[in-house]
Amino acid sequence: MTHPFILSASVTQAELSDPAWAAPVLAQAQSLGLDMLLLGRAGAPLAFDAQVIAAWAASQLTTMGVVPVVGTGLGHPFHTARGLSAVDWLAGGMLGWNPAGPDAAQVADMARAANALWDGWSDDTLIIDKDSGRYLDTTKVIVPDYRGSHYRTRGPVNAMRPRQGNPVLVADADAPFDLAQTDISIAAQGQSAPSARLRLIRVGLDADVAMLAAAHAAGEIAGAHVDLDDAVAQLPQLAAAFAPVIEGRARATTGTLRQRLGLPTPFVSHSATEEAA
Amino acid sequence: MAKQLHLWAFLQGIGHYPSGWRHAGARPADVWSMDYYRHVGQLVERGRFDAIVFGDQLQSRKGGDRTPERLAMPTLDPMALLSAIASVTSHVGLVNTLSTTYWTPESLAERFWTMDRMTGGRVGWNIVTSAHPDTAWNFGDEPMPEKSARYRNARETVAAAQAIWRRLNAERGTSPQQRPVFVQAGQSGDGRDFAAHTAEAIFCPAATMEDGIAFRSDLRARVAAAGRDPDGVKIMPGLSFILADTQEAAMAKDAALIALADDDLCIEYLSESLCCDLTVFDRNAPVPAEAILEATILPREDIAKVLERPVSSGMSLLQFATTYVRTPRGHNVFRGTPEQMAEMMISWINAGASDGFTMQPAYMPGELEIFVDQVVPILQARGALREEYPGTTLRESMGLPRWPADMGPADMAQAEAV
């Protein structure tokens, strides 16, 4: 069965760092049925730290995921891995991320380093048994010792593996990078899309929604993405324009962003023999 | 009117006692959930605390290369926790620990600028330089710089960040506090000098009132010597606590908590402190000083000093470990009734031993709930704690001048120079 049409949008406005502006925008985007809201846009200048805004938004997410754009200039992947892990937990697994930066090789290396740090912790590490006093299983933690083209990080990272294993990884064709585990790509018609499990087509508010519905039914796209430059005015327009494909969708009512989008949840379980090897 | 005291909640992990996570009133599995932080944030705000402070490290807990099994971890990124708490609170300050050694001025300035905006002016920066040798390898191939080099870099980083905040505030519109409140915790000579030039609040251990008076007097003198107003710097020593209806019950509760630190936990806790995996040694044999000094990555002379007494007394490794776990990190630990605790806190303030306290609950959130429900009302009735917040920013809660408009010329010059 075809997965329900995915609707995504991005907000780049500087007002996003004003909670009095951001709170109603976030609430409206969620209530109108958006599946993902990108905080920032890869390749465009940002007037805020999108990870902070994602963390602030975590308490407000029920059905919509947030996807901070994370620039390579904003800190070492060790910091990024820690920050995103915490936000994914606080957001109940409703987090994605879109790594970005001027150097595609560095962007991919940042994402690889973060993944290596997250994967150093097994999903079944924690025991937390007050009676026996065992908090975790030490054989379930490995030292990733990641050495890439731009970053070296030994680990383990002092953050648990994220709620979703890895937050949903989004790549934008406007600032592409090449990574096998990319979950979602965003690309315009005719633009070369980064390889990904799901493809969203970048369109405007004037998109031919009937044609998009047909492309979705034919399995050519998983949904659509719209860049907003005036979120307050355009969110209602977006919902109205896409009503034919989003109203009455059989969306999942529970679960993490991965589960809601029909993406696999990576599971890692290290073992004592592996560590010894 | 009585002198007012300031309260901070230091909430790294699941409590101050290494065994605290095993207490019936602890909720260690909840630290992954928003509900836990909503509860804690609103609890602290109800107690009219100035701020929540999350300490931080940039390496995972280990003893040698072994990840311990009985210590609560891992700790989540404080930026994420504090930004999330900001969304469900309205007044409590949020102090984020961030290392000048492993952040650039550009990236940390961007982070705090956005945090100050999203928190409505409630953010503080606990300025640390990082010290643990393991941290370095998480950020590349360069070993941890020497302490003096780290503090030199810290001064340059803070100065550069201030220049960036001025630019961001001019270009984008100002963040409510213009920059975070500067908090510092160094205790060495380097640390105290840095704090005297930079900090607006200082977190320190003070096991006794005399220690508190000595530390606060020393810092106030250093602050004055740096050309700053000593009243613009709040001294906030750590204070852990065990509360019960009677003194005897509090002592019994403390003993029960210590008893939850079983032998294996004690060995792991000491392993972490010495940076050496002690699980491989015979715990009933004398302390293997030679082997520990061979294995540790901490400065050998520091570890040799720690080992001196245990070795000379002939105690076993296990005896050393079980003794060591009883005095976590040298902070003041209060054991008694809510009335006694309020009395003690007021007496410290009146004696000039501190401007307030950095509360370190033995376990979380149960012990903090008891403090807010039972000690806070006594402090308020005695006029020592505010009934309402004076404003909405951390600066206002702490009674600090704005930056830079309210600073005198000497402070301005200092702010530019540090």
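Modeller: Let's start with the residues themselves: in H2(A), the buried ones are A:Ala50, A:Gln51, A:Val52, A:Ile53, A:Ala54, A:Ala55, A:Trp56 and A:Ala57. Keep in mind that this is a predicted model. The helix runs over residues 50-57, and eight of its eight residues are buried, so the rest of the structure largely encloses it. Buried here means under 20% relative accessible area.

What do the buried residues of H2(A) pack against? From chain A there are helix H1 (19-31), strand S2 (36-39), strand S3 (65-71) and helix H3 (77-90). Chain B joins in too, with its helix H2 (78-86) and helix H3 (105-118). Watch the labels there, as both chains have a helix H2 and a helix H3 in that list.

Now zoom out to the chain that carries this helix. Chain A has nine helices and 12 strands, and 60% of its 277 residues are buried. Of its contacts with a separation of 6 or more, 70% join residues 24 or more positions apart. The radius of gyration is 19 Å, which agrees with the value near 19 Å for a compact globule of 277 residues. Along the principal axes, the C-alpha trace spans about 60 × 40 × 40 Å. As for charge, chain A has 18 positive and 27 negative side chains, and the centres of the two sets are 7 Å apart.

Elsewhere in chain A, have a look at A:Asn166, in the loop between strand S8 (152-153) and strand S9 (168-172). With 10% relative accessibility, A:Asn166 counts as buried. Beyond its neighbours within four places in sequence, A:Asn166 is in contact with A:Asn115, A:Trp118, A:Asp119, A:Arg161, A:Arg258 and A:Pro266.

Over in chain B, B:Asp134 sits in helix H4 (residues 133-136). B:Asp134 is buried as well, at a relative accessible area of 12%. Leaving out residues up to four places away in sequence, B:Asp134 touches B:Gln59, B:Lys62 and B:Ile297.

And how far can you trust chain B? Its pLDDT averages 93, and 95% of the residues score at least 70. The stretch to treat with care is residues 405-412 of chain B, where pLDDT stays under 50 and the model has 10 contacts beyond four places in sequence.

Note on methods
Residues numbered from 1 in each chain as written. Chains lettered and ligands numbered in written order. Predicted model: local features only at pLDDT ≥ 70, side-chain atom pairs only at ≥ 80, totals over all residues. Heavy atoms only, no water. pLDDT = per-residue confidence, 0-100. Contact = heavy atoms within 4.5 Å. Helix = DSSP H or I, 4+ residues; strand = E, 2+ residues; numbered from the N terminus. Buried < 20%, exposed > 50% of the residue type's maximum accessible area, 1.4 Å probe, protein only. Rg over C-alpha atoms; globule rule 2.2 N^0.38 Å. Lys, Arg positive; Asp, Glu negative; His and termini not counted. Charge placed at Lys NZ, Arg CZ, Asp CG, Glu CD.
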